[in-house]
Amino acid sequence: MHQLTSVERVHDDGSYLFTAEGPHGAPEEVIVVPCGEGVEAWRNRCTHEDQRFDTGQGVPMRDGEIICPRHGSLFDACEGDCDNGEAAGTTLPAVDLAERHGTVFLVDDDYEFAHEGGIDDDEGPSSTSHLGL
Ligand code: FES
């Protein structure tokens, strides 16, 4: 069980991004988003194509739905399901959280906390150097 953030911070900031070692031993980005008075966590990747929801600017959301930046499908922030656009009929893989007195913990046996932010955020500037070549 790893302490992540607070419910208040997720609601104030709009979302929270962290990286965890996922079920296949590879790093996975996870988003924590507001759901009603609480929060829910989902993998930071659209079910349609390999598109991140939070690309470093926070999760784009409207009226309790997560917006895929690539084709605009909307996912329910509480249920993770999508009934529209390219991703219609799919559901995001959930990541289990627990809330205690406003603090948010990662309690999913399949995910081991690595660090805050995206996968590349702890590797320094050199990790992006190849992108410009
Ligand atoms: S990549 Fe998300 S709807 Fe197409």
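**Exercise 1.** In which sense do strand β3 (residues 27–35) and β4 pair, and over how many bridges?

*Solution.* The model is predicted.
- Step 1: The sense of the pairing between β3 and β4 is antiparallel.
- Step 2: The pairing extends over six bridges.
- Step 3: Within this pairing, cysteine 35 is the residue opposite glycine 38 of β4.
- Step 4: The connection is a hairpin, with two residues between β3 and β4. Glycine 36 sits in the turn and has a positive phi of about 55°.

**Exercise 2.** Identify the strand that two bridges join to β4, and state whether β4 is enclosed.

*Solution.*
- Step 1: The strand is β8 (residues 94–95), and β4 and β8 run antiparallel.
- Step 2: Tryptophan 42 stands opposite alanine 94 in β8.
- Step 3: A residue counts as buried under 20% relative accessible area.
- Step 4: Of the six residues of β4, five are buried, so β4 is largely enclosed by the rest of the structure.

**Exercise 3.** Classify the pair formed by tyrosine 16 and phenylalanine 18, and decide whether each residue is buried or exposed.

*Solution.*
- Step 1: The structure holds three aromatic pairs. For the pair of tyrosine 16 and phenylalanine 18, the centres are 6.1 Å apart and the planes make an angle of 35°.
- Step 2: Planes under 30 degrees apart count as stacked and over 60 as edge-to-face, the rest being tilted. The pair of tyrosine 16 and phenylalanine 18 is therefore tilted, with 35° between the planes.
- Step 3: Tyrosine 16 counts as buried because its relative accessibility is 5%. Phenylalanine 18 also counts as buried, at 0%.
- Step 4: Tyr16 and Phe18 belong to one aromatic cluster together with Phe113.

**Exercise 4.** Classify the pair formed by phenylalanine 53 and phenylalanine 75, and find which parts of the chain the pair ties together.

*Solution.*
- Step 1: The rings of phenylalanine 53 and phenylalanine 75 are 5.3 Å apart, centre to centre, with 70° between the planes, and the pair is edge-to-face.
- Step 2: Phenylalanine 53 lies in the loop between β4 (38–43) and β5 (61–62), while phenylalanine 75 lies in strand β7 (residues 74–76). The pair therefore ties together parts that are 22 residues apart in sequence.
- Step 3: Phenylalanine 53 counts as buried at 1% relative accessibility, and phenylalanine 75 counts as buried at 0%.

**Exercise 5.** Give the residues that UniProt lists for "domain: Rieske", and the helix and strand content over them.

*Solution.*
- Step 1: The UniProt record, an unreviewed entry, lists residues 28–106.
- Step 2: Over residues 28–106 the chain is 0% helix and 41% strand.
- Step 3: The end C-alpha atoms of residues 28–106 are 14 Å apart.

Definitions and conventions: Residues numbered from 1 in each chain as written. Predicted model: local features only at pLDDT ≥ 70, side-chain atom pairs only at ≥ 80, totals over all residues. Heavy atoms only, no water. Phe/Tyr/Trp six-rings, centres within 6.5 Å; stacked < 30°, edge-to-face > 60°. Buried < 20%, exposed > 50% of the residue type's maximum accessible area, 1.4 Å probe, protein only. Helix = DSSP H or I, 4+ residues; strand = E, 2+ residues; numbered from the N terminus. Pairing = 2+ DSSP bridges. UniProt positions renumbered as here; feature names shortened; annotations may be inferred.
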